[in-house]
2 protein chains.
Amino acid sequence: MADENTVYIGKKPTMNYVLAVVTQFNSGSRDVIIKARGRAISRAVDVAEIVRHRFIHDAVVKDIKIETEVLSGEGGSTANVSSIEIVVSK
Amino acid sequence: MADENTVYIGKKPTMNYVLAVVTQFNSGSRDVIIKARGRAISRAVDVAEIVRHRFIHDAVVKDIKIETEVLSGEGGSTANVSSIEIVVSK
(Lines give C-alpha, C1' and ligand atoms only; values in the text may rest on other atoms or scores of the structure.)
Protein backbone atom coordinates (compact mmCIF):
# COMPACT_ATOMS: atom_id res chain seq x y z
CA MET A 1 0.00 0.00 0.00
CA ALA A 2 1.24 3.48 -0.79
CA ASP A 3 3.35 5.26 1.75
CA GLU A 4 1.16 8.35 1.52
CA ASN A 5 -1.56 6.50 3.45
CA THR A 6 0.79 5.79 6.34
CA VAL A 7 0.96 7.76 9.58
CA TYR A 8 4.08 7.14 11.67
CA ILE A 9 3.55 7.61 15.40
CA GLY A 10 6.27 9.44 17.31
CA LYS A 11 6.50 11.48 20.47
CA LYS A 12 4.13 14.32 19.63
CA PRO A 13 0.75 14.66 21.37
CA THR A 14 -1.69 11.90 20.43
CA MET A 15 -4.18 14.32 18.88
CA ASN A 16 -1.62 15.43 16.26
CA TYR A 17 -1.60 11.91 14.87
CA VAL A 18 -5.38 11.57 15.18
CA LEU A 19 -5.69 14.70 13.04
CA ALA A 20 -3.24 13.27 10.49
CA VAL A 21 -5.29 10.07 10.17
CA VAL A 22 -8.62 11.93 9.94
CA THR A 23 -7.14 14.20 7.26
CA GLN A 24 -6.09 11.13 5.23
CA PHE A 25 -9.63 9.78 5.35
CA ASN A 26 -11.17 13.13 4.48
CA SER A 27 -8.91 13.46 1.45
CA GLY A 28 -10.33 10.24 0.06
CA SER A 29 -8.23 7.36 1.44
CA ARG A 30 -10.15 4.17 2.16
CA ASP A 31 -7.33 2.71 4.26
CA VAL A 32 -4.91 4.43 6.58
CA ILE A 33 -1.96 2.57 8.08
CA ILE A 34 -0.77 3.58 11.53
CA LYS A 35 2.79 2.47 12.28
CA ALA A 36 4.79 2.68 15.49
CA ARG A 37 7.81 1.18 17.22
CA GLY A 38 8.75 0.64 20.83
CA ARG A 39 6.96 2.76 23.40
CA ALA A 40 4.99 4.60 20.74
CA ILE A 41 2.99 1.39 20.19
CA SER A 42 0.58 2.29 23.00
CA ARG A 43 -0.01 5.68 21.40
CA ALA A 44 -0.69 4.05 18.03
CA VAL A 45 -3.49 2.02 19.61
CA ASP A 46 -4.87 5.20 21.23
CA VAL A 47 -4.82 6.96 17.85
CA ALA A 48 -6.73 4.14 16.12
CA GLU A 49 -9.30 3.99 18.90
CA ILE A 50 -9.86 7.76 19.07
CA VAL A 51 -10.20 8.01 15.29
CA ARG A 52 -12.89 5.36 15.05
CA HIS A 53 -14.82 6.25 18.20
CA ARG A 54 -14.81 10.02 17.97
CA PHE A 55 -14.21 11.06 14.37
CA ILE A 56 -14.78 8.43 11.67
CA HIS A 57 -17.62 6.37 13.04
CA ASP A 58 -17.77 3.97 10.10
CA ALA A 59 -14.06 3.15 10.32
CA VAL A 60 -13.02 -0.33 11.40
CA VAL A 61 -9.72 -1.94 12.32
CA LYS A 62 -9.08 -4.16 9.31
CA ASP A 63 -5.76 -5.67 10.30
CA ILE A 64 -3.14 -5.50 13.01
CA LYS A 65 0.38 -6.89 12.58
CA ILE A 66 3.20 -7.00 15.07
CA GLU A 67 6.80 -7.74 14.32
CA THR A 68 10.36 -7.34 15.50
CA GLU A 69 12.70 -4.93 13.75
CA VAL A 70 16.43 -5.22 14.13
CA LEU A 71 18.15 -1.86 14.46
CA SER A 72 21.87 -1.76 13.88
CA GLY A 73 23.95 0.65 15.91
CA GLU A 74 27.50 1.82 15.62
CA GLY A 75 30.23 -0.82 15.68
CA GLY A 76 27.91 -3.58 14.51
CA SER A 77 25.79 -3.80 17.64
CA THR A 78 22.12 -4.58 17.12
CA ALA A 79 18.97 -4.02 19.13
CA ASN A 80 15.55 -5.57 18.67
CA VAL A 81 12.51 -3.35 18.81
CA SER A 82 8.87 -4.37 18.48
CA SER A 83 6.66 -2.63 15.96
CA ILE A 84 2.96 -2.50 15.18
CA GLU A 85 1.01 -1.77 12.03
CA ILE A 86 -2.71 -1.01 12.37
CA VAL A 87 -4.79 -0.77 9.19
CA VAL A 88 -7.90 1.35 9.72
CA SER A 89 -10.43 1.19 6.93
CA LYS A 90 -13.79 2.75 6.04
CA MET B 1 -11.45 -18.79 26.47
CA ALA B 2 -10.57 -19.68 30.04
CA ASP B 3 -9.04 -17.03 32.23
CA GLU B 4 -6.25 -19.41 33.23
CA ASN B 5 -4.72 -19.02 29.77
CA THR B 6 -4.54 -15.25 30.14
CA VAL B 7 -1.45 -13.28 31.11
CA TYR B 8 -2.10 -9.69 32.20
CA ILE B 9 0.77 -7.32 31.53
CA GLY B 10 1.62 -4.80 34.24
CA LYS B 11 4.69 -2.88 35.32
CA LYS B 12 7.04 -5.74 36.14
CA PRO B 13 10.06 -6.50 33.96
CA THR B 14 9.13 -7.83 30.53
CA MET B 15 10.86 -11.17 31.09
CA ASN B 16 8.56 -11.97 34.03
CA TYR B 17 5.62 -11.99 31.65
CA VAL B 18 7.57 -13.87 28.97
CA LEU B 19 8.22 -16.59 31.55
CA ALA B 20 4.51 -16.67 32.49
CA VAL B 21 3.50 -17.17 28.85
CA VAL B 22 6.16 -19.83 28.22
CA THR B 23 5.04 -21.66 31.38
CA GLN B 24 1.44 -21.69 30.11
CA PHE B 25 2.55 -23.27 26.84
CA ASN B 26 4.75 -25.80 28.58
CA SER B 27 1.88 -26.87 30.82
CA GLY B 28 -0.15 -27.82 27.77
CA SER B 29 -2.03 -24.71 26.64
CA ARG B 30 -2.46 -24.34 22.88
CA ASP B 31 -3.45 -20.67 23.12
CA VAL B 32 -2.24 -18.00 25.49
CA ILE B 33 -3.93 -14.60 25.64
CA ILE B 34 -1.78 -11.60 26.50
CA LYS B 35 -3.78 -8.61 27.73
CA ALA B 36 -2.69 -5.07 28.53
CA ARG B 37 -4.05 -1.58 28.96
CA GLY B 38 -2.59 1.88 28.46
CA ARG B 39 1.19 2.15 28.45
CA ALA B 40 1.62 -1.56 29.11
CA ILE B 41 0.42 -2.20 25.54
CA SER B 42 3.96 -1.76 24.18
CA ARG B 43 5.23 -4.29 26.69
CA ALA B 44 2.52 -6.77 25.66
CA VAL B 45 3.78 -6.62 22.07
CA ASP B 46 7.36 -7.13 23.31
CA VAL B 47 6.25 -10.18 25.31
CA ALA B 48 4.50 -11.78 22.31
CA GLU B 49 7.48 -11.13 20.06
CA ILE B 50 10.08 -12.43 22.53
CA VAL B 51 8.03 -15.58 23.23
CA ARG B 52 7.71 -16.55 19.59
CA HIS B 53 11.20 -15.54 18.45
CA ARG B 54 13.26 -16.83 21.36
CA PHE B 55 11.31 -19.51 23.20
CA ILE B 56 8.37 -21.11 21.38
CA HIS B 57 9.48 -21.13 17.78
CA ASP B 58 6.32 -22.75 16.44
CA ALA B 59 4.06 -20.17 18.09
CA VAL B 60 2.17 -17.73 15.91
CA VAL B 61 0.12 -14.62 16.58
CA LYS B 62 -3.40 -15.88 15.87
CA ASP B 63 -5.38 -12.74 16.59
CA ILE B 64 -4.95 -9.21 17.86
CA LYS B 65 -7.82 -7.05 19.07
CA ILE B 66 -7.78 -3.49 20.30
CA GLU B 67 -10.56 -1.72 22.12
CA THR B 68 -11.41 1.12 24.43
CA GLU B 69 -12.31 0.46 28.04
CA VAL B 70 -14.19 3.02 30.08
CA LEU B 71 -12.89 3.30 33.63
CA SER B 72 -15.15 5.00 36.14
CA GLY B 73 -13.52 7.05 38.84
CA GLU B 74 -14.89 8.60 42.02
CA GLY B 75 -17.80 11.00 41.72
CA GLY B 76 -18.95 9.58 38.38
CA SER B 77 -15.98 10.73 36.31
CA THR B 78 -14.87 8.43 33.53
CA ALA B 79 -11.66 7.92 31.60
CA ASN B 80 -11.08 6.03 28.40
CA VAL B 81 -8.12 3.70 28.16
CA SER B 82 -7.04 1.63 25.18
CA SER B 83 -6.46 -2.07 25.59
CA ILE B 84 -4.97 -4.87 23.53
CA GLU B 85 -5.52 -8.61 23.46
CA ILE B 86 -2.94 -10.74 21.65
CA VAL B 87 -3.71 -14.44 21.13
CA VAL B 88 -0.53 -16.48 20.69
CA SER B 89 -1.06 -20.01 19.53
CA LYS B 90 1.00 -23.11 18.79
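First, the ground rules. This is a predicted model, where local features need pLDDT of at least 70, side-chain atom pairs count only at pLDDT 80 or more, and totals for chains, interfaces and linings use all residues. Residues are numbered from 1 along each chain as its sequence is written, chains are lettered from A and ligands numbered from 1 in the order in which they are written, and side-chain values use heavy atoms, with hydrogens and water left out.

Now the answer. Contact here means heavy atoms within 4.5 Å.

Next, the core. The largest nonpolar core has 50 residues, and A:Ile84, A:Ile86, B:Ile84 and B:Ile86 touch the most other members. Such a core is a set of buried Ala, Val, Leu, Ile, Met, Phe, Trp, Tyr and Cys residues joined through side-chain atoms within 4.5 Å. Buried is under 20% relative accessible area, exposed over 50%, partly exposed in between, with a 1.4 Å probe and protein chains only.

On to symmetry. Rotating by 180 degrees, with 0.0 Å of shift along the axis, superposes chain A on chain B at RMSD 0.0 Å. The two copies are thus related as by a two-fold rotation axis.

A:Ser42 is among the buried residues of H2(A). That helix, residues 40–55, reaches 21 Å, close to the 22 Å expected at 1.5 Å a residue. Expected span is 1.5 Å times one less than the number of residues. Helices are DSSP runs of H or I, at least four residues; strands are E, at least two; both are numbered from the N terminus. Cover for the buried residues of H2(A) includes H1 of chain A and H2 of chain B.

Also in H2 of chain A: A:Glu49. Buried or exposed? Buried, at 2% relative accessible area. A:Glu49 touches B:Ile66, B:Glu67, B:Thr68 and B:Ser82, again skipping residues up to four places away.

Last, H1(B). Its buried residues include B:Tyr17, B:Val18 and B:Phe25. On the other side, B:Leu19 and B:Asn26 are exposed. Just after H1(B), B:Gly28 takes a positive phi of about 110 degrees.

Key. Least-squares fit on C-alpha atoms with pLDDT ≥ 70 in both.
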